[in-house]
Amino acid sequence: MAAFAEIVLGGLFHAAVLFLVAAGLQLVFGVQKIVNLACGAFYALGAYVGASAAKWAIGVGLPTPLVLVVVLLAGLACAVIGPPLERVLRTVYDRDESFQLLLTFAFLLMFQDLFRIGWGANPQTTGSLFLSFGTLDLGLFKTPAYNVFVIAVAITVAAGLGWFLQRTNFGRLLRATAENRAMAEAVGVNARAMFSVVFTLGVALGTVGGALVVPASAASLDMAAELVVEAFAVVVIGGLGSISGALAGAVIVGLVRAAAIVFYAEAELLAIYAIVIAVLILRPAGLFGKEAV
Amino acid sequence: MPAPSTTEAARRNRNLCAIGGGVLLVAVLALLPGVASPYTLTMILPVFAYAIALLGLNLLFGTSGLLSFGHALFLAIGAYAAAVMTGHWGVKSLELVLLGGIAAAVVVAIPVGFLSVRYTRIFFGMLTLSFGMLFHSFLIKFYNVTGGDTGMSVKRVRLLGLDLSHLSRVEFQTGPLYYYALVLVIAATLLMWRIVQSPFGLHLRAQRDNARKAEYLGVRVHAFRLAAFVLSAAYGAVAGVLLAVRSGNADPELAYWTHSGELVFMTVLGGFASFVGPLVGAFAFIFLRDWLMGMTEFWRLAMGGILVLVVIFVPRGLAGLAADATTRLRNQFDLRSRR
């Protein structure tokens, strides 16, 4: 029982981070119809900046909860790269989507070297920050308190995103633009400004995800390209462009991965892809997607 | 006898130019071992390999309109087929290894293609990426079978039955293997030219431009896409075998998705809309990367920057630039001769 709960909580922790990044991917795809390969780079950027911010905050002697706030704010602050990157992407909005994909791939390549320049080749950690949160005793079993915190943040973000998209005026305009850009522009939506905001929001989701993961692991050069693969699995399972799909997909991928690591570590990614392929055969548009093109 | 129409004459002219240029290029490449340094020659071998891979990739991308972000899968299959055949099975002949690599790629490409070609555009790209990473994960995790992240070694092969084990590594690569690969590139190029010009190629272009219309006209869209997918996989496997025989190693990173991204990068750099674009792209990419690697540790940043510039300002690639330049020259020439 305790082992089972550990798998579930470990899986949910991973799912929480995956959801944040995949939600950014989905948001950008839903509105701008661009699959953003650079989402992995944003995630890594958040992790690197988060690690540095944590080191600084621990260095000046802030108490642990405040360190966490600093890390989160640092991840959020990384979103400033959103508008200039969106400006570059804007040059290819009218082109074939292969060019859009390649441009985001170029961003990923460039970011990998920028990390190398900024932080060197060695992984960056936050030292003992993770341990200083201690463990939560939940009766039957114990779990790192930090994991529970991250899951809570992801749930908050998911709820906030849902409220933002469904209930606010801007969210309605955003969904209208995603549905039919020409029509939305005809009734006065400024699609250009909308794209800039959406892309920046997508970046922020990725960088916050990275900042959240770094206390539990480390920021490394491989993490950008590796995460893209998992985020893709999430959006294919959930259905491209759907935020609820990202949530469902992230939970499935997170749990499967956690279970595979315990029972048969070799099959970690293989199990995820088995599900991806099964979903594509049985429900090509994904669990929450509209019909595939 | 009536004079041929101007367009026909122009086409004949252009074809003559293309054939002349091709023959000249082959002559230069054939004479190169006499003048170029061994280093340059060992750099050209991957150019040959990638040229073959990109010809195949562009049958999907340029001709059929399907952008694969997992094509590196087939290069890796070729490379690992070479490793298994030369290492475990004791096969010595490169011809057999090539056939084995192609067979393995075809066997994998049929189910993968069957699932993938139902999609187009971004979905096709994501699905092919997934399959590529599936294989990469297998290579990394099943250490006992595949050697994990160190890969598998590839033994020296015989070319056309000739035992060349007395040659040093560099002598082997800059001599016999160089010419062998050159002949392979020529054969692959001619075959692909024939494929693209055939009714089959026309079917592929028709479904690319308007799949539904093509289907109404009787094109079996999925079947043709699948055939293109399998053909491109076979080309990829040949390239993988060549790369592995050259480096003496089959590396799991060959299957990683960023390698697929590099293949697309090369194709766009050369110009995917042009038949020779991929060949130009392979050459430009390999030498550009080598030059940047010599200059700076941060060559990926520079390559990424170049990719950004190419995508934004030169979407038709180097072949597109060259075509524009020749058109401009020809127009100027025509104006002058008319005066």
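User: How much area do chain A and chain B bury between them?

Analyst: This is a predicted model, so let's take the interface as computed. Of the area buried between chain A and chain B, 79% is on carbon and sulfur atoms. The total comes to about 4,100 Å².

User: Which element gives the most to the side of chain A that touches chain B?

Analyst: On the contact count, 46 residues of chain A meet 42 residues of chain B. Polar contacts join seven residue pairs across the two chains, both partners at pLDDT 80 or more. The elements giving two or more residues to chain A's side are α5, α10 (223-238) and α12 (268-282). With 17 residues, the one that gives the most is α5(A).

User: How many nonpolar residues does the side of chain A that touches chain B have?

Analyst: Sorting that side by class gives three polar and seven charged residues. The nonpolar count is 36.

User: With which residue does A:Asp113 form a salt bridge?

Analyst: A:Asp113 sits in helix α5 (residues 97-119) of chain A, and at 0% relative accessibility it counts as buried. Its contacts include B:Glu297, B:Phe298 and B:Trp299. The count between the chains is one salt bridge. In the bridge formed by A:Asp113, the closest N and O atoms are 3.5 Å apart, and the partner is B:Arg300.

User: How many disulfides does a search of the whole structure find?

Analyst: A pair of cysteine sulfurs has to be within 2.5 Å to count. For A:Cys39, the nearest cysteine sulfur, that of A:Cys78, is 15 Å away, so by that cut-off A:Cys39 is in no disulfide. Over all chains, the number found is zero.

Technical notes: Residues are numbered from 1 along each chain as its sequence is written. Chains are lettered from A and ligands numbered from 1 in the order in which they are written. This is a predicted model: local features need pLDDT of at least 70, side-chain atom pairs count only at pLDDT 80 or more; totals for chains, interfaces and linings use all residues. Side-chain values use heavy atoms; hydrogens and water are left out. Helices (H or I, at least four residues) and strands (E, at least two) are DSSP runs, numbered from the N terminus. Buried means under 20% relative accessible area, exposed over 50%, partly exposed in between (1.4 Å probe, protein chains only). Contact means heavy atoms within 4.5 Å. Buried area is the accessible area (1.4 Å probe) that two parts lose on being put together, summed over both. A salt bridge is a side-chain nitrogen of Lys or Arg within 4 Å of a carboxyl oxygen of Asp or Glu. A polar contact is a pair of N or O atoms within 3.5 Å; within protein, one must be able to donate a hydrogen and the other to accept it, and residues adjacent in sequence count only if both atoms are side-chain atoms. Ala, Val, Leu, Ile, Met, Phe, Trp, Tyr, Cys and Pro count as nonpolar, Asp, Glu, Lys and Arg as charged, and the others, Gly among them, as polar. Lists of a residue's contacts leave out its neighbours within four places in sequence.
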